[in-house]
Amino acid sequence: MANAKLDYTKWPPDEIRRAVDAAGVGLWSWNVDTDEIVLDSRGHELWNVSETSALSFELLSEKIHPADRDRVRAAFTATRAILGAYEIDFRTLIDDEVRWISARGRGSDEGIRRRRMVGIFLDVTGRKHTEESSELLAGEMSHRVKNLLTIASGLTNITSRSSDSVEDMAKQLTTRLAALGRAHDLVRPLPGGQGKAALLGDLLTILLAPYDEQGAFEGRIRVAVPRLGVGEAAAAGLAMVLHELATNSLKYGALSGDSGLLDVSGQVAG
């Protein structure tokens with residue numbers, strides 16, 4: 001049995017309309033001589049314009065986001081020099097609401113009937129938000145990896161100064177990197193989209209743990225600080241400072257003797 005080929009030119013108009021509505025697209029027609037634009041109901045809805053008003057591309061341009069307006073105008077002007085299909089995505093700004101619209105049609109004289117070009121408008125706001133989120137996530141991951149590599153490099157240099165042998169350095173570096181990883185996990189979203197932070201006390205305790213777990217030193221580091229949030233960027237710098245100071249304490253300060261205590265405390269000022 002041969003496959004039936006769907007010929008849309010033979011579809012009843014009501015079925016074509018239902019298909020267009022299901023796709024969520026708006027139809028447009030542009031007179032290249034008079035600049036008149038005709039929209040269907042979905043098109044009027046997308047652009048928030050009255051169905052009784054005469055429209056032109058210039059009038060619709062006023063609703064395009066200022067950052068995209070010149071680019072879209074230039075693209076539409078150039079369509080008659082483009083052979084075949086074209087597509088352009090841009091933002092609209094209507095009542096302080098930003099939405100992404102994709103305009104698709106056919107350029108040059110191809111597809112023009114009675115000096116009119118036809119195409120569709122498609123709301124692609126959801127897709128654009130997903131793309132932007134993916135780009136932000138990729139950028140955030142890249143930034144985090146670079147920060148961690150920088151810290152790991154600095155931590156290696158710090159550890160080398162307090163190690164007596166390769167084995168000792170490997171052991172110290174492993175424990176300190178593990179502590180750094182646990183501290184990194186602490187940085188979490190704050191309520192209300194205020195960013196990301198870890199509690200200062202938790203962060204200090206975890207970062208200093210490797211220096212408090214070396215036999216006789218156990219229990220000799222005490223942390224008592226106010227309940228404060230530390231942002232992710234600050235946490236990275238704080239980790240480097242803490243490891244530097246703790247290493248100095250281990251070599252020359254309180255932790256270098258048998259009975260010294262390291263007391264980390266603080267209070268809020270201002």
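Residues are numbered from 1 along each chain as its sequence is written, and side-chain values use heavy atoms, with hydrogens and water left out. Because the model is predicted, local features need pLDDT of at least 70 and side-chain atom pairs count only at pLDDT 80 or more, while totals for chains, interfaces and linings use all residues.

The protein chain comes to eight helices and 10 strands (DSSP runs numbered from the N terminus, with H or I over at least four residues for helices and E over at least two for strands).

Spanning residues 25-31, E1 is mostly covered, with six of its seven residues buried. Two strands pair if DSSP finds at least two bridges between them. E1 pairs with strand E5 (residues 116-123) in the antiparallel sense over seven bridges, and here Val 25 stands opposite Leu 122. With strand E2 (residues 37-39), E1 again pairs in the antiparallel sense, over three bridges, and Trp 28 stands opposite Leu 39. Five residues lie between the strands in the hairpin of E1 and E2, where Asp 35 takes a positive phi near 70°.

In soluble globular proteins, nonpolar side chains tend to be buried together. The largest nonpolar core here has 21 residues, and Trp 30, Leu 39, Trp 47, Phe 76, Phe 90 and Phe 121 have the most contacts inside it (a core is a set of buried Ala, Val, Leu, Ile, Met, Phe, Trp, Tyr and Cys residues joined through side-chain atoms within 4.5 Å). Elements giving two or more residues to this core include E1, E2, helix H4 (66-77) and E5, and the largest share, three residues, comes from strand E3. A second, separate core of 19 residues includes Ala 183, Ala 198, Val 230 and Ala 239.

A cavity is a set of points, on a 1 Å grid over the protein atoms alone, where a 1.4 Å probe fits but cannot get out, and lining residues have an atom within 4 Å of a point. Among the lining residues are Trp 47, Phe 76, Phe 90 and Phe 121, and helices H3 and H4 each supply at least two.

Definitions and conventions
Buried means under 20% relative accessible area, exposed over 50%, partly exposed in between (1.4 Å probe, protein chains only). On a 1 Å grid over the protein atoms alone, a cavity is a set of points where a 1.4 Å probe fits but cannot get out, and a pocket is an open set with protein on both sides within 12 Å along at least five of seven lines; lining residues have an atom within 4 Å of a point.
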